[in-house]
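Me: I have a structure open and want to learn how to read it. Can you take me through it one feature at a time?

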Amino acid sequence: MKLALIQNSLTLGNVDENFKLIKSELEKAIKKTPDVIVLPEMWNTSFFPKNVLDLADIDGKRTQKFLSDFAIINNVNIVGGSIARKKNNTLYNTSYIFDRKGNLVNSYDKVHLFSPSGEDEVFQSGDKLCTFELDGIKCGLCICYDIRFVEWTRMNALEDIQILFIPAAWPQKRQLHWDTLNRARAIENQMYVVCVNSTGDFGGHSAIIDPWGEYVITPDTKNEIKTGVIDLSIIEDIRKNINVFRDRKKELYKL
């Protein structure tokens, strides 16, 4: 499976400009013939303007049509990062995933909201895991701050996913945490982690990380489309040689 990760700088609070940018980046990405294109967190408004309630996509309708149409026309899967979505005057940080036929295969409302920035005071938390299949491969998705919660990512892993997608708006000053946590989640759960972060006010370092914790593509802070290929046989190999899921003592874990 070939993936294209869109890493770029968004404009805070300018929805039309961000849609224009993402459309341009999608058109560039498709020229690299990926199976899946992955977007960052909150790409419609960036993370997050004071007037985000006024700017949010009502019921996600604009975003869904935009991504679905592109998926259909270009026969590509899209992991749609996330957007600010408004439903009945309540805000959610929502991700949409589309298959090659433009079908919405699942959506996810960010569960762990970043309280240091006040996200939890503005947005409503989700309450469900997000797993789905793309081209027959089982995947999961978390958003940004979710990766600090090992119970949540392990719950995804226990659904037998092979790829965990993590769109984010992660600041550069905590870039060490970003790199370390993503690699740890890949190693401890013996799966691929595909993490996509914005640049500009954020730290970039989008990456594909294999189950051994090795980078498939090198993280950096450039505005670019990063591509890499996932070899799923690596998952089979590591789980055969170091089978942590077989060796778990779940009867002892009190969570």
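Reply: We go from the whole chain down to one residue. Keep in mind that this is a predicted model.

Me: How many helices and strands does the chain have?

Reply: The count is 8 helices and 13 strands.

Me: What does UniProt place at residues 1–240?

Reply: The unreviewed UniProt entry puts the feature "domain: CN hydrolase" there. Residues 1–240 are 29% helix and 27% strand. The end C-alpha atoms of that span are 21 Å apart.

Me: What share of the residues is buried?

Reply: Buried means under 20% relative accessible area. Here 54% of the 255 residues qualify. Now look at contacts with a separation of 6 or more: 66% of them join residues 24 or more positions apart.

Me: What about the surface and the charges?

Reply: The accessible surface is about 11,600 Å², and carbon and sulfur atoms contribute 48% of it. The chain carries 33 positive and 34 negative side chains. The centres of these two sets lie 0 Å apart.

Me: Now one residue. Is Thr218 buried or exposed?

Reply: Exposed means over 50% relative accessibility. Thr218 has 60%, so it counts as exposed. Thr218 sits in the loop between β12 (207–209) and β13 (224–229).

Definitions and conventions:
Residues numbered from 1 in each chain as written. Predicted model: local features only at pLDDT ≥ 70, side-chain atom pairs only at ≥ 80, totals over all residues. Heavy atoms only, no water. UniProt positions renumbered as here; feature names shortened; annotations may be inferred. Helix = DSSP H or I, 4+ residues; strand = E, 2+ residues; numbered from the N terminus. Buried < 20%, exposed > 50% of the residue type's maximum accessible area, 1.4 Å probe, protein only. Contact = heavy atoms within 4.5 Å. Areas by Shrake-Rupley, 256 points an atom, 1.4 Å probe, with all protein chains shown as cover. Lys, Arg positive; Asp, Glu negative; His and termini not counted. Charge placed at Lys NZ, Arg CZ, Asp CG, Glu CD.
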